[in-house]
Amino acid sequence: MTPTDPFTLSSMQAVLLLLVVVVPWLLLETWRSRRHERALRAAGAIEPPDDVYAWMRVVYPGMFAAMTIEGALAPPACSTLVAIGIAVFLAAKLLKWWAILSLGRFWTFHVLVVPGTPLVTSGPYRLMRHPNYVGLMGEIAGVALMMRAPFTGVAAAIGFGALLVARIRVEERMLREVR
């Protein structure tokens, strides 16, 4: 990239890009999760007391904010890097939404297990155990590229990845105990 490259992304454009590409998905997922949570709790779902969701709900938006700040402080980015970031983010969202739609009414931000319900093994769950979490890690990579945020991107992947490992342990234990 040269200083005269007409295909660069300024700091303000990066922030607007994040608001347009990422935030609507977050709002849609929040709405869907809350709707499912109410129904699952009404159906007698059990929630583990040791879930890490309280941390996830702070770290998840915080890492996107941190990557945006790093990107706003960075020099303008080459449009190719931004396009790759958008493509990675959208591919991750496709995988995540395939998982969400496959889980149907059982997908929420919280670990909620209704006793006696069968394990979902269709959709991406035929191919991997936790496709939603693979999608989440892809979102981090995509936004890090999009925002030109290598430092906070790596920190977010490590930090949120550790939370996901803890979350998977809780989820797997609940599935064994309640089913």
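What is the volume of the largest pocket? In this predicted model, local features require a pLDDT of at least 70 and side-chain atom pairs count only at pLDDT 80 or more, while totals for chains, interfaces and linings use all residues. Residues are numbered from 1 along each chain as its sequence is written, and side-chain values use heavy atoms, with hydrogens and water left out.

The largest pocket has a volume of about 1,000 Å³. A pocket is here an open set of points on a 1 Å grid over the protein atoms alone, where a 1.4 Å probe fits, with protein on both sides within 12 Å along at least five of seven lines; lining residues have an atom within 4 Å of a point. The volume is the space filled by probe spheres set on the points, which are joined across faces, edges and corners. The lining comprises 45 residues, and W107, T108, F109, N132 and R167 lie nearest the centre of the pocket. Two or more lining residues come from each of α2, α3, α4, α5 (131–147) and α6, and the largest share, 7 residues, is given by α3. Helices are DSSP runs of H or I with at least four residues, strands are runs of E with at least two, and both are numbered from the N terminus. By residue class, the lining divides into 28 nonpolar, 7 polar and 10 charged (nonpolar: Ala, Val, Leu, Ile, Met, Phe, Trp, Tyr, Cys and Pro; charged: Asp, Glu, Lys and Arg; polar: the others, Gly among them).

A search of the whole structure identified 5 aromatic pairs. Rings of Phe, Tyr and Trp (its six-membered ring) pair if their centres lie within 6.5 Å; planes under 30 degrees apart count as stacked, over 60 as edge-to-face and the rest as tilted. W25 and W97 form a tilted pair, with 6.1 Å between centres and 50° between planes. This pair links helix α2 (residues 23–42), which holds W25, to helix α4 (residues 79–103), which holds W97, across 72 residues. W25 is partly exposed at 28% relative accessible area, whereas W97 is buried at 12% (buried, under 20%; exposed, over 50%; partly exposed, in between; 1.4 Å probe, protein chains only). Y53, W107 and F109 form one aromatic cluster.

The pLDDT, the predictor's confidence in each residue from 0 to 100, averages 90 over the chain, and 93% of the residues score at least 70. Confidence is lowest in strand β1 (residues 8–9), with a mean of 61, and highest in α6, at 96.
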